[in-house]
Structure formats: structure tokens, C-alpha cells
Amino acid sequence: MFHSRNAGATQVQPTSPVPAHAIRFTTPVVETPAVFLITRWIYRLLRTMVLAPFRFPVAVSTLVGPVVTVHYLGWLGLALGVALSGAGLGVWWWRWPLSFRSLVVLRALAAWRWFWVYRRHWQPVLVVAGLAESYQERQYLPQIRRVTCSEWADRVRVRLVAGTAPADFENRVVELAHGFAAPSCRVSGLGPRDVVLEFPRHDLLAEPLDALAVPDEVDLCALPMGLREDGQPWRMRLHGTHVLTVGVTGAGKGSVIWSAIRALLPALSDGSVRVWAIDPKRMELSYGRSLFARYADSAEAAVGLLEAAVDDMQERAARYAGHQRTHVATPEDPFVVVVLDEVAFLTAYHPDRDIRRRAENAIATLTSQGRSVGFCVLAALQDPRKEVMNLRNLFPDKVALRLDEASQVDMVLGEDARDRGANAHLIDPDVPGVAFVRLEGSPVPVRVRVAYVSDDDIAAMATEYGPSHGLRSVPGEGVA
């Protein structure tokens with residue numbers, strides 16, 4: 001064994017020469033003396049034994065504790081110790097189940113997943129996926145530094161091979177997910193040669209969410225919308241930003257709009273928030289007309305509403321100039337949310353070129369100047385192509401529901417979104433409301449599911465909060 005040329009490293013087979021090669025040079029192989037190999041093995045064994053109590057304190061204590069107990073107290077002492085330990089763990093689990101699960105169950109699960117799933121399959125998966133590097137006929141693999149488990153996913157911290165980049169893993173997320181039998185894989189960088197692979201164990205967003213309770217107080221920077229992939233509440237910011245929601249028919253765009261409106265209801269009642277709604281289809285927003293300060297369902301009325309919003313925004317900006325830099329929502333200066341359903345009807349599909357031009361100019365003005373003075377555009381769209389909607393980049397926050405094509409994911413969330421696991425084109429049609437959200441300043445898309453607001457919920461909202469709010473119209477809009 002010690003004289004084998006394959007000992008000590010995985011050898012890469014040389015490329016077979018072609019007939020045109022007259023002379024072929026090979027790398028000389030120097031055999032390592034057996035004494036050096038044995039010395040290295042002994043060193044590794046001693047290092048593992050010394051470091052094991054620090055790296056795996058629970059496992060070492062579990063193995064060494066019974067041996068020490070039997071040596072000093074005998075088998076009766078061991079049985080008594082096991083009984084007391086079991087009783088203590090049972091009391092801990094009964095009285096403090098959250099801490100027990102976090103400190104005992106999840107850590108034990110992480111140790112098992114590290115050994116049985118990742119360590120056991122690490123080399124074959126990475127070699128087949130093309131993430132193993134070769135240098136001077138030796139093979140180098142990224143090293144697993146640590147595995148931690150949360151309620152929903154495994155986080156595998158990896159040390160990269162020198163000369164590689166996190167992008168190499170980002171380009172192989174599909175292969176890694178299938179290799180370790182996970183629904184998906186996310187890659188995030190922590191520092192030089194330090195990345196984390198996130199593998200979900202099960203999908204917390206598989207079940208639909210009923211409409212959330214109306215909050216007692218409204219936080220315009222954290223409106224409750226639904227649930228994130230990690231089980232935490234999904235909260236969306238409206239104040240100081242604009243939001244573009246994109247998805248095919250039936251993907252759940254209406255749920256995003258109505259969940260946002262539902263979270264604003266207390267502020268609608270006290271007058272510190274106003275919602276101006278544009279509903280070209282006359283189907284989605286018409287259920288809650290009494291909730292809106294202004295409502296339009298025809299092209300001319302919609303453009304008039306947008307231009308009125310621009311006028312109010314510019315008037316407010318003129319008042320703030322030199323006196324105030326940030327907006328605070330009050331009944332005198334309310335926060336205005338312009339809800340624009342099927343924005344492509346005004347920017348691309350309407351036959352009147354003048355309507356398209358005026359609508360596009362108004363939307364561009366609102367999205368480029370309205371954030372600091374308390375105006376927000378919440379728009380919904382089916383087709384994100386540039387010829388349909390060329391103002392995508394003026395919306396800092398984007399929500400990508402189910403899409404038709406992989407290229408549309410890049411159009412909505414950015415060119416590297418799919419590399420980071422945001423495969424919105426692969427969302428199952430049977431789970432409407434599931435989306436990927438990318439916020440301004442954050443490169444990592446977050447998978448979420450928005451709560452479903454039913455027609456009965458909307459009717460109840462309009463009945464309870466609508467009459468006190470009233471309904472005002474702009475000239476030419478189709479309001480009954």
C-alpha cells in the first residue's frame with residue numbers, strides 16, 4: 001500500500017495522447033517513505049483526540065461520561081445517572097420546550113445531518129457537480145466547517161478552495177439541491193472563502209394562509225403581509241419606497257394588494273393614510289370602493305388620477321422645500337398609496353398613444369420624486385418585458401410571484417436572482433401567493449407567502465372601515 005502511486009491523494013487520470021503527439025511529458029512521481037505517512041497519521045489522530053472535546057463537547061461527554069461513571073461508581077451508579085439525566089431532560093422538555101428544542105433537539109439533528117447527509121455524500125456530490133478543483137494531479141474539495149439546523153432548514157458553512165469564488169456555488173444550486181435531496185439551495189457569502197449553503201428540509205409555505213388580523217397600530221415600514229420561508233412574519237415597507245408586484249394570472253397579485261390595504265385600515269380610519277386606486281379590469285378593486293379616497297376604472301380617469309397625484313406631490317414638495325426633509329403621516333399631510341392594478345393597460349396596451357404617454361410620464365414622476373414627500377406607488381403587472389413596462393428600475397422593492405419564463409425572473413428581481421435561488425418560474429401553480437421578494441439594498445431574495453384575503457374579508461373591511469372614510473372621485477372616472 002505504501003508503495004502505491006495512488007496513496008495519499010486522489011489522482012487525476014492523464015489525458016490519452018492523440019496520434020499527433022510524438023512525445024508526451026508526464027509529471028514525475030516521487031514515492032513518499034512509509035515513515036512519513038505513519039507519522040502524519042499519528043499526528044492527525046492525536047490532533048483529533050485533543051481537539052475533539054472542544055469541537056464536539058456534547059458527543060465527547062456522552063461517550064466519556066458513562067465510562068468514568070462505571071469506573072468510579074459502578075454499574076449501579078451509571079443506571080442512577082442515566083435515570084436522573086433522563087428525568088432532567090424530561091422536565092426540561094416539559095417546562096421549557098422552546099429552549100429544549102433549540103439547545104438539544106436541533107443540535108442533535110445538526111450532528112446527525114452533518115454525518116449522515118453531508119459528510120457522507122460531500123465528495124461525490126461536489127465532484128459530479130463540478131465543484132472539485134484539481135492542481136498538479138491532486139483533487140481539492142471545499143471543506144465543511146459547521147452544520148447548524150433551524151426549524152426549517154440546514155445551514156452548511158463551507159470553506160472554499162483558494163482561488164474559487166462563491167459564484168461557483170451559486171451557479172450549481174440546482175445540482176447541490178438534488179445532490180443532497182433538498183427542495184432548493186441558497187448561497188450566501190460571509191467573508192473571504194467563507195460561504196453558507198442553506199438547504200430547506202421542508203416547506204413551511206405549502207399551506208395557504210388566511211387573512212391576517214387587522215393590526216391595532218399601523219407601521220408603514222413593516223406592514224404584516226404573510227409568512228417568510230423561515231417561519232417568521234413577512235412585513236412589507238411602503239413608506240419611503242415603491243413596490244412592483246409581478247405574476248401571471250392566478251399567481252396571487254390581488255392578495256398582495258389587499259393584504260397591504262388590510263394592514264393600513266386603522267390609518268385609513270384616522271385619515272393619516274389615503275389609498276387612490278386604479279382598477280382597469282373593474283374586478284379586483286371594485287369590491288372595496290368605499291375604502292379608497294379616489295377610484296378610477298377607465299383609461300382617461302386613471303390618467304387624471306395619476307396626474308392629480310403628481311400635482312399634489314409637487315405641491316407638497318414645494319411646501320417642504322427648505323423646511324422639512326422627511327414626511328410624517330398626519331391627517332393634514334396623509335401618506336398616499338397609489339394602487340395601480342394591471343399597469344400595462346396604461347403603459348402598453350391602450351390604443352391611444354397620448355394616454356400611454358401621459359400615464360408613463362405620471363408614473364415616472366411619482367416613482368422618481370414621491371418617496372420623500374409621502375407618496376407610494378403599489379403596482380401590479382403580468383408581463384415584465386421592457387416594451388410593456390420600461391419603468392421597472394424606478395421601483396426599489398419588487399415581488400415576483402409565479403412567472404412564465406426563467407428570463408422574466410431576471411427582469412423583475414435582477415440578473416443574479418436565479419443564482420441565489422429565486423426560481424419564481426418554478427413555483428407550483430397549486431400554491432398561489434408564494435413569491436420571492438427583493439428589497440432595495442439587499443441582494444438576497446426572500447421566499448414568502450402572502451395571506452389570502454377573500455371576497456368576504458374585503459366586504460367586511462369595506463363595511464367596517466369604508467363609511468367613515470367616504471368616497472371622492474375625480475372628473476371622468478367610472479364610479480357608480
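**View 1. Salt bridge between Arg358 and Glu307.** Arg358 forms a salt bridge with Glu307, with the closest N and O atoms 2.9 Å apart; the term denotes a side-chain nitrogen of Lys or Arg within 4 Å of a carboxyl oxygen of Asp or Glu. The model is predicted: local features need pLDDT of at least 70, side-chain atom pairs count only at pLDDT 80 or more, and totals for chains, interfaces and linings use all residues. Residues are numbered from 1 along each chain as its sequence is written, and side-chain values use heavy atoms, with hydrogens and water left out. The pair links distant parts of the chain, 51 residues apart: Arg358 lies in helix 10 (residues 353-369) and Glu307 in helix 8 (residues 299-320). Helices (H or I, at least four residues) and strands (E, at least two) are DSSP runs, numbered from the N terminus. Arg358 counts as buried because its relative accessibility is 18%, whereas Glu307, at 27%, counts as partly exposed. Buried means under 20% relative accessible area, exposed over 50%, and partly exposed in between (1.4 Å probe, protein chains only). Salt bridges that share partners join Glu300, Glu307, Asp354, Arg357 and Arg358 into one network.

View 2. The salt-bridge criterion gives a count of 24. Arg418 forms a salt bridge with Asp410, with the closest N and O atoms 2.7 Å apart. Arg418 is partly exposed, with a relative accessible area of 29%.

View 3. Seven of the seven residues of strand 13 (residues 375-381) are buried. Both faces are covered, with Phe375, Val377, Ala379 and Leu381 buried on one side and Cys376, Leu378 and Ala380 buried on the other. In a regular strand the side chains alternate between the two faces of the sheet. Strand 13 pairs in the parallel sense with strand 9 (residues 243-246) over four bridges; two strands pair if DSSP finds at least two bridges between them. Leu381 of strand 13 is the bridge partner of Val246. Strand 12 (residues 335-340) also runs parallel to strand 13, joined by five bridges, and Val339 stands opposite Leu378.

View 4. Four strands in the order 3-4-6-5 form an open sheet with antiparallel pairing. Its edge strands, each pairing on one side only, are strand 3 (143-149) and strand 5 (186-191). Neighbouring strands are turned by 25 degrees against each other on average, direction ignored. Axes are lines fitted to C-alpha atoms, for helices over the stretch in contact (heavy atoms within 4.5 Å), and angles run from 0 to 180 degrees between N-to-C directions. Strand 4 (residues 153-159) and strand 6 (residues 194-200) share seven antiparallel bridges, and Ala153 stands opposite Pro200 in strand 6. Helix 3 (residues 97-129) lies across strands 3, 4 and 6, running at about 145 degrees to strand 3.
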